Amino acid sequence: MRGELHYDAVVIGGGTAGLVAGARLAEGGARVCVLTKGVGSTHLAPATIDVLGYDPDRVVSPSGAMAEFVAGHPDHPYAVLGTDAVAEAVRWFRARVDAGPLAGYRYLGDLDRNYLLPTAVGALRPSAVVPETMAAGDAVRVERTCVVGTRSLRDFHASLCAANLSRAGISARSVEIEVEVDKADQNALGFARRFDDPAWRAAFAGRLALKLQAHERVGLPAMLGLRDPHGVWSDLERRLGRPVFEIPTLPPSVPGMRLYEILRSTLRRAGGRLVVGAEVVSAERSGSRVTSVATRSAGHDARYAAPWFVLAAGGFNSGAIELDSRWDTHDRVLGLPLRGLPAEGGPRFVGDYLAEQPMARVGVAVDGELRAEGAENVVVAGAALPGAVPWREGSGEGIALASGSHAAELVIAQSGAPAGAAA
Amino acid sequence: MATLSTDVLVIGGGATGAGVAWDAALRGYDVVLVDRADLAEGTSGRFHGLLHSGGRYAVKDPRAAEECIAENRILKAITPDSIEDIGGFFVTTPFDDPAYADVFAKGCRDTGVDCEEIDPAQALREEPLLNPAVSRVFRVPDANIDVWKTVWALARGIQERGGRVLPYHAVVGIHRSGDQVTGARLRGAATGEEIEVEARVTVNASGAWAGVVADMAGIEGVRVLPGRGIMIAMNHRLVNTCVNRCQMPTDGDIIVPIRTVCVIGTTDVNTDDPDDHTVLQSEVDAMLDDGEKLVPGVRQARAMRVWTGVRPLFEDSKAADTDSRDVTRAHALLDHAERDGVQGFVTITGGKLTTFRLMAEETVDAVSKHLGDERPCTTKTELLPGSEDGTTYHLGERLSRKEARLADEQIVCECELVPRWKVEQAIERRATTNLDDIRRLLRLGMGPCQGGFCIYRAAGILHGLDGLTADQADESLLHFLRERWKGVWPVLYGDQLRQARLDDWIFQGILDVEHLPAVEAEAVTS
């Protein structure tokens, strides 16, 4: 093992929450290192900023619905964070997207009104802040919709999407475009790289234009470019002379890769370090403080010491929290206590797939400042937090942005003074 | 109402019923095969996939062992396409009585089950994950058999000979004219439409449900005790040989590798209801502990799915002497002319998958007598459709086909390497909108992601084919998710829970299937 590396703060986890915490710590002047086992949730999710979509009925305005939501879920991360913190984090995020590495690419929207965007199966899904490339899919718009698919992309089925949109009251139809591909199994990433190529894109637009009717907006699977999505999207709108929007589909998520690139670049430009392929395998403690963590990666093992740690390694989804075959649940990263577990002997899961599962809200136990119970210099962020069911609530990115920002703010405010001195 | 007329009506589309219909069709009889659900959706589709060598019964039930080894050889010859000839081990672990090994070897010799003792070191070279403390190892000709493939091959064979196969047609009444059973009334599950079947002989091949069907014919005392057993599929093949504990048959003493998974089985609990699919946590725990005895570390591997099957254990209340429990494992053929004075009705129940062909042969021999027109059985030598080239299935078969067609064969299900054209062909051939039917036919969604990626694709393909509405496609998607979850949640831990959470994100997050128009409408009306 190499010698210990010293930072002001070490962030564990490279999903949205971890990258936001790292970037904001770096912007605040901290020497920060983000350790991540691999790329995280960004590459799987649609990359819309979902703040509050369901409670349990569809939420029209996240800011308007927040007070009642928090009152009904007092253990939810939002009960600690509050609407203002979410709004601030969203503003920060939008500004970083604007200043980010993808020229011209923007996010639109705020917490006052949810967009209602089509999913690949044709349901309508509420999201507060969305990539510009998706915004024209909003159900409030009056144009008819033409959903465009290609048989070469197995991960998107335009006919089913359009048929379900029609059932939801949106005038929609579908068309298929033939695309020549070199091998049969293509995903959205392969097509995104093709869309980045102006000649390929022009040919695609030419073929598509012939199939469109007047006054239709065009919905395409979310694959409109990886390097220059703004250029690809605006070029398609110009060539087709109508609004064009992306519809998120199965992973890998192209808009998610863009989001990862934006956050990674923000972190690095602010002087932060990102180490990918560095799984935290053990931690040193001194009393109620974590003093260092060790990582294992291909070339070497390393130890990272810091006065502060942000735990943003995710929950069951990433493997950071594990339920083992003896039905015991652990935080595999730092071994911290958990909260939200079903009562001893109670059911962990129930037989109805679409019901809320008793294990759904498990996370690392935290205090009123989102510090881990039993580790006063560890702040918890993102899907590691207990009390939320983000995939059902439509709250994942709202929690990630706000809790990542909160963690950074707390660490910066407390730095200088020894951690825990205030307690 | 539609009316069909046939020589032989077979009630029950498991391996036994399909085998009976195939045998009768080969003898030149006109047949109709019906099941209340999909073919092999009951007991046949709910076992571990073992084609017995007979070793398991060599000591306890020599006659069953003799039947098994004979049928093992016949099935390998007539339906190799469904069988992977992987061989089996009987191993003496530290948990087994060491004295049983010699008794076992003698039992195999006496019953003609091929059995060769091998050096445990050799067994460990072949199966490195096997418990290193095994002291004796015997090699036997166990194999695995894909029962859905077998039953659908039988169905194709029946149809090619003019027989009719009607899954999703429940028997709602059996007709009697005096002491003669004359057929049955069916109701189609999809449409509710009823069909009258006039049959010269009706065969009750409904396994664990045989008592219920016999009751419908007004025949009393056919008692079938459903014996419920659980099986757990692990997400890959921890072993490539069927591994059995060398002891008297008991719970949790076998691991069967089949296709991309291996299955730990099984338990045996008497139940009153053949549709009882309860899985108790204590059973799961016991099964994993038993798995550890054969392959230490099983608990660190991913358990993917658990299911229950019900064995039909026959108890004839009319029999003079009460059968012992050991004997009830054998199959029972009841000719109701002899037993009850009722003509035109035969019940076959009990038995095991390995002997389905033999059961069918004996049944159709009896049917033949009823028809007054005895014809010889030819199922011992007739190849099933799909097995004409005589080669057995091998594990790399789907991958090698895919490798050869990288440019033009789109894969819908990566776990099980199911290409798109197969899905399209299955939908059209089966005329089904039920993705669960496609799953059984092609193993679509049976791998580690449990449909996480392929089921949206398959629903899209379903919808894209002519004539299917969005609500049918949505319903099929949701039905699949609900059915899948039943087998997933009782064994959900470790990395499989991670996988399930990704699937939750896909279906409840990215796709938001819960808020599809139909589901919302349902929620409002309920």
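This is a predicted model: local features need pLDDT of at least 70, side-chain atom pairs count only at pLDDT 80 or more; totals for chains, interfaces and linings use all residues.
User: Why does the radius of gyration of chain A agree with that of a compact globule?

Analyst: The C-alpha trace of chain A spans about 70 × 45 × 40 Å along its principal axes, and the secondary structure of this chain comes to 11 helices and 21 strands. Because a compact globule with 423 residues would have a radius of gyration near 22 Å, the value for chain A agrees with it, being 22 Å.

User: What percentage of the residues of chain A count as buried?

Analyst: Among the contacts in chain A with a separation of 6 or more, 70% are accounted for by residues 24 or more positions apart. Burial is counted here by neighbours, a residue being buried if 20 or more other C-beta atoms lie within 10 Å of its own. Of the 423 residues of chain A, the part that counts as buried is 55%.

User: How many residues does strand E18 of chain B give to the side of domain 2 of chain B that touches domain 3 of chain B?

Analyst: Chain B is divided into domain 1 (2–43 + 148–224 + 313–370), domain 2 (52–144 + 225–311) and domain 3 (397–525). The C-alpha centres of domain 2 and domain 3 of chain B lie 31 Å apart, and the contact takes 12 residues from domain 2 of chain B and 13 residues from domain 3 of chain B. On the domain 2 side, the residues divide into seven nonpolar, two polar and three charged. The strand that gives the most to that side is E18 (residues 303–316) of chain B, and the number of residues is five.

User: Which residue of E8(B) stands opposite Glu84(B)?

Analyst: An open sheet of three strands in chain B has the order E3-E8-E4, with antiparallel pairing, and its edge strands, E3 (50–51) and E4 (83–84) of chain B, each pair on one side only. Two bridges join E4(B) to strand E8 (residues 143–145) of chain B. In E8(B), the residue opposite Glu84(B) is Asn144(B).

User: What is the bridge partner of Gly173(B) in E11(B)?

Analyst: Strand E10 (residues 169–177) of chain B pairs with strand E11 (residues 180–188) of chain B in the antiparallel sense over eight bridges. E10(B) and E11(B) form a hairpin with two residues between them, and Gly178(B) in the turn has a positive phi of about 60°. In E11(B), the partner of Gly173(B) is Arg185(B).

User: Which glycine in the turn between E11(B) and E12(B) has a positive phi?

Analyst: Five bridges join E11(B) to strand E12 (residues 194–204) of chain B, and the two strands run antiparallel. Gly183(B) stands opposite Glu198(B) in E12(B). E11(B) and E12(B) form a hairpin with five residues between them, and the glycine in its turn that has a positive phi, of about 80°, is Gly192(B).

Definitions and conventions. Residues are numbered from 1 along each chain as its sequence is written. Chains are lettered from A and ligands numbered from 1 in the order in which they are written. Two strands pair if DSSP finds at least two bridges between them. Helices (H or I, at least four residues) and strands (E, at least two) are DSSP runs, numbered from the N terminus. Domain bounds come from an automatic or database domain assignment. Two residues are in contact if their C-beta atoms, placed from the backbone, lie within 7 Å. Ala, Val, Leu, Ile, Met, Phe, Trp, Tyr, Cys and Pro count as nonpolar, Asp, Glu, Lys and Arg as charged, and the others, Gly among them, as polar. The radius of gyration is taken over C-alpha atoms; the globule rule is 2.2 Å times the number of residues to the power 0.38. A residue is buried if 20 or more other C-beta atoms lie within 10 Å of its own, exposed if 12 or fewer, and partly exposed in between; C-beta atoms are placed from the backbone.
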